[in-house]
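Here is a short tour of one protein chain. Look at the sequence and the fold, then read on.

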Amino acid sequence: MISKPGDLRGKTCVLMGAGGHARVVADLATALGAEIAGVCDPALKRARKEEWQGFKVLGDDDFLLSVSPDDVLLLNGVGQMPGSTIRSDLFERFSEAGFSFVPLVHPSAWVSPTATLNAGVQIMAGAIVQAGAFVGCNTIINTLSSVDHDSRIGASVHIAPGVTVCGDAIIGDDTFVGAGATIIQGINVRANSFVKAGSLVCKDMV
């Protein structure tokens, strides 16, 4: 289901995860006016922490089983590293349970009105998504990266900071594109790929 990013003023959100990416997501959601009710993280619960970065620790992920999906929106603060499925597993588990992960677009980012953003997409500060681009569920378009016209980015992809994806490129699901990499126009990158930081990809990875 495709959602539209927008003003989160008056919306109650729960943050999942408590690492560096979670701090960035918390800043982004706050900038969009969200009210963050608290954070869920297994490590914080094990450590019996009551507060994290000024937010109440609600418990681990199972806390959400006591909450109606109609009452909160979820913020996926778990980052994505090569080979890890923690972020995508959380997204799938709680989406199937009826919770919503709204797309987040930083106020300093540019997203074309003709681009498509699916549920849980996170467009970070200074990023650009151009005309006709498609970004799949739960994907991160990180700081100062760009996705040019008519490119198709799959689900649970991480486009790391400073990446350039040229027009008409296709990047498959669950792919990690390292910081500063460049994907040349029309290139096809298969699902579950790992593109090293600083790489120039000028041949298909299929």
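Cys13 has 0% relative accessibility, so this residue counts as buried. Keep in mind that the model is predicted.

**Cysteines**

How many disulfides does the structure hold? It holds zero. Take Cys13 as a case. The closest cysteine sulfur belongs to Cys40, and the gap is 12 Å, too far for a bond. A disulfide needs the two sulfur atoms within 2.5 Å. Cys166 is in no disulfide either. For Cys166, the nearest cysteine sulfur is that of Cys202. Cys166 is partly exposed, at 21% relative accessible area.

| Cysteine | Nearest cysteine sulfur | Sulfur distance |
|---|---|---|
| Cys13 | Cys40 | 12 Å |
| Cys166 | Cys202 | 11 Å |

Strand S1 covers residues 12–16. Is S1 mostly covered or mostly open? It is mostly covered, with four of its five residues buried.

S1 runs parallel to strand S2, residues 35–40, and five bridges join the two. Across this pairing, Met16 faces Cys40 of S2. How does the chain get from S1 to S2? It passes through helix H1, residues 20–31. This β-α-β crossover is right-handed.

S1 also pairs with strand S5, residues 73–76. Here four bridges join the strands, which again run parallel. Leu15 stands opposite Leu75 in S5.

**A listed position**

Which residue does UniProt list for "binding site"? An unreviewed entry there lists His158. In the model, His158 is found in strand S15, residues 158–159. His158 counts as buried because its relative accessibility is 8%, and the cut-off for buried is under 20%. Leaving aside residues up to four places away in sequence, His158 touches Gln80, Ile140, Asn142, Thr175, Phe176 and Val177.

**Nonpolar cores**

In soluble globular proteins, nonpolar side chains tend to be buried together. In this model, the largest nonpolar core has 27 residues. Which members touch the most other members? They are Ile123, Ile159, Val165, Ile171, Val177 and Ile183.

Now follow Ile183. Not counting residues up to four places away in sequence, its contacts include Val165, Cys166, Ile171 and Val177. Thr164, Ala169, Val189, Val195 and Val201 are also touched by Ile183.

Key. Residues are numbered from 1 along each chain as its sequence is written. This is a predicted model: local features need pLDDT of at least 70, side-chain atom pairs count only at pLDDT 80 or more; totals for chains, interfaces and linings use all residues. Side-chain values use heavy atoms; hydrogens and water are left out. Buried means under 20% relative accessible area, exposed over 50%, partly exposed in between (1.4 Å probe, protein chains only). UniProt positions are given in the numbering used here, feature names are shortened, and annotations may be inferred rather than shown by experiment. Contact means heavy atoms within 4.5 Å. A nonpolar core is a set of buried Ala, Val, Leu, Ile, Met, Phe, Trp, Tyr and Cys residues joined through side-chain atoms within 4.5 Å. Two strands pair if DSSP finds at least two bridges between them. A crossover is right-handed if, with the strands pointing away from the viewer, the path from the first strand over the helix to the second runs clockwise.
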